[in-house]
Amino acid sequence: MRLALAPLATALALAAAPLAHAAPPLAKADQAYADWLDAGYAKSTIEAGTLTRIDGRGLTAWTRLKVVRGRRLKRLLGETAKMKLAGEDARALKRMQAALGAASTTPPASTEEASERLCATASDQALAETRLSDALYACFERWGNHVPFEGRSIARATALELLQQLDAPARRKALFYALAPLWSRIDAADEPTSPYRRLVRLAAADARAQGGSAIEQAARTLGETQDQVEAQLTAALEAWRTVNPGPPIEPWDYWRRYAEGLAPLDAAIPAAAIPELNRRYYEDLGLDLTRLGVISDLGVRPGKAPLAYADFVRIGRQTPQGWRPARVRVSANVERGGLFVLNEIVHENGHAAHMMAVRARPAFFDLGDDLFVEAFADVTSWSVAEPAWQRRYLNLAAPDGVGRRALLANVMLDVAWGLFELRMLKAPDSDPNQVWTEITSTYLNIVPHPEIAWWALRVQLVEQPGYMINYGLGAMVTADLRDRFRRAVGDFDAGNPRWYPYASAHLLRFGAAAPTQDLLRGFLGRPVSIEPLLAMIRSLPPER
Ligand SMILES: [Zn+2]
């Protein structure tokens, strides 16, 4: 029984837990699959520039190995497909076949010139979806990683952090418009044939052919319809609007409007302190990132991927000598400190924690549905907004509600992006500037600027249209999971050594062996509810 949850176990006991063993013919395919995955992860880790050699091999050797192992896997899967398989084995085979057929999604490093050339191809009206998406991703590399501001070039993540921190409105406005070269690459003049509008039409058509967009997948994870999802997103936005009255805000002032009270905390979090603050928090949660060998690649360098992400260096697996743990890496562009950047790094390490906890056979060595994966990573990252976390790790705290309001201001933008993509994919001929203006002026009290494509701040919009739902709707899952954890192990905002063992045993260890919907339902004891998120919004104290 996949969902007969084990009693509370320690991480140590987990490591020794027996695995369901695959039937002999699949056991071979399972191992070949693990070998192929490991070659792929080694290759992408080196391509990303995080490491130059893994297990004594460089890029050329791993690239060759991936091809050789892929051939062997294809042959074994072909043999296995002739057998009559049922239940878990049939699902395992299907997963392995799908993975072998899919392209790698990890971004390799690229030079500025190559990104600029690739970005320029986005104007080609004949590009198919994948090529167009790759071109627009390259625009984020070229124009998002090099935002010209006050005589220097900064990364997009730094620009977003600065929009929270800069005091002078004129500087914020100048910085905001420094992102315009990026917007114009993504959406040109917002005409019906703009690159983004073509991409949305292609993505919507593809989703119809493939049996559902990322948004429909997220809805399925919750056992809901897309209409229900839309109603939940708007319910969260309406609750936010109610507790945040006041005159309309310019978009360049939106972040600062809520983050202003965090200035003393931002000053207490220099960029160099972020790895240690992150490490200490997870250690207090029962997870020693250093001992587990999680690689932290946070520096800025030319050609580095323009977004923060976590990925495997190799998967974990059972060997005759026992469990061989996974290796995991976190990649980000940290140039400046501050609470917002720290939140992002704790989020990525939440993915790392998730990856290290999986104890599934290779075919299911994955994390589950995207909605759950993103929501889980925020369970810990939301803690840094809480006074309990701030007092323990910074020895100072923002007044009650200030950190939470600033966090929710960012969460509501994610909700807005989720709703934006939902509406764009539902009606792909819509004008994105109009759709975004309508959402942000109605719910976030932001001054309309339909003349600019300022929605184009997130690389996910072009890398995987529909993906933002996993953050927007994920907020509802995060709030629910946080409540459930508190009831199970007590408060964990300032650390709690029971948290990680409990999360591992009850939520993370299954990997993709259990359907995420069943897993969440089993963990929560009911379907996911929006009430904890609404309660969190409604309980914000009035602003002083
Ligand atoms: Zn994430």
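Domain bounds in this description come from an automatic or database domain assignment, and for the protein chain this assignment gives domain 1 (24-101) and domain 2 (107-539). The model is a predicted one, in which local features need pLDDT of at least 70 and side-chain atom pairs count only at pLDDT 80 or more, while totals for chains, interfaces and linings use all residues. Residues are numbered from 1 along each chain as its sequence is written, and side-chain values use heavy atoms, with hydrogens and water left out.

The C-alpha centres of domain 1 and domain 2 are 29 Å apart, and the contact between them (heavy atoms within 4.5 Å) takes 24 residues from domain 1 and 23 residues from domain 2. The size of an interface is often given as the accessible area lost when the parts come together. Expressed as buried area, that is, the accessible area (1.4 Å probe) that two parts lose on being put together, summed over both, the value between domain 1 and domain 2 is about 2,000 Å², of which carbon and sulfur atoms give 48%.

Between domain 1 and domain 2 there are seven salt bridges, a salt bridge being a side-chain nitrogen of Lys or Arg within 4 Å of a carboxyl oxygen of Asp or Glu. The structure as a whole holds 31 salt bridges. Helices (H or I, at least four residues) and strands (E, at least two) are DSSP runs, numbered from the N terminus. A further salt bridge joins the side chains of Arg-317 and Asp-38 at 2.8 Å, N to O.

On the side of domain 1 that touches domain 2, α2 (24-47) and α4 (87-101) each supply at least two residues, and the largest share, 13 residues, comes from α2.

A zinc ion is also present in the model, and its protein donors are His-347 (NE2), His-351 (NE2) and Glu-374 (OE), lying 2.1 Å from it. Donors are N, O and S atoms within 2.8 Å of the metal (3.2 Å for Na, K and Ca), and water is not among the atoms, so sites may look incomplete. Along the chain, the donors of the zinc ion follow the spacing H-x3-H-x22-E; His-351 belongs to helix α16 (residues 339-357) and Glu-374 to helix α17 (residues 370-381), 23 residues apart.
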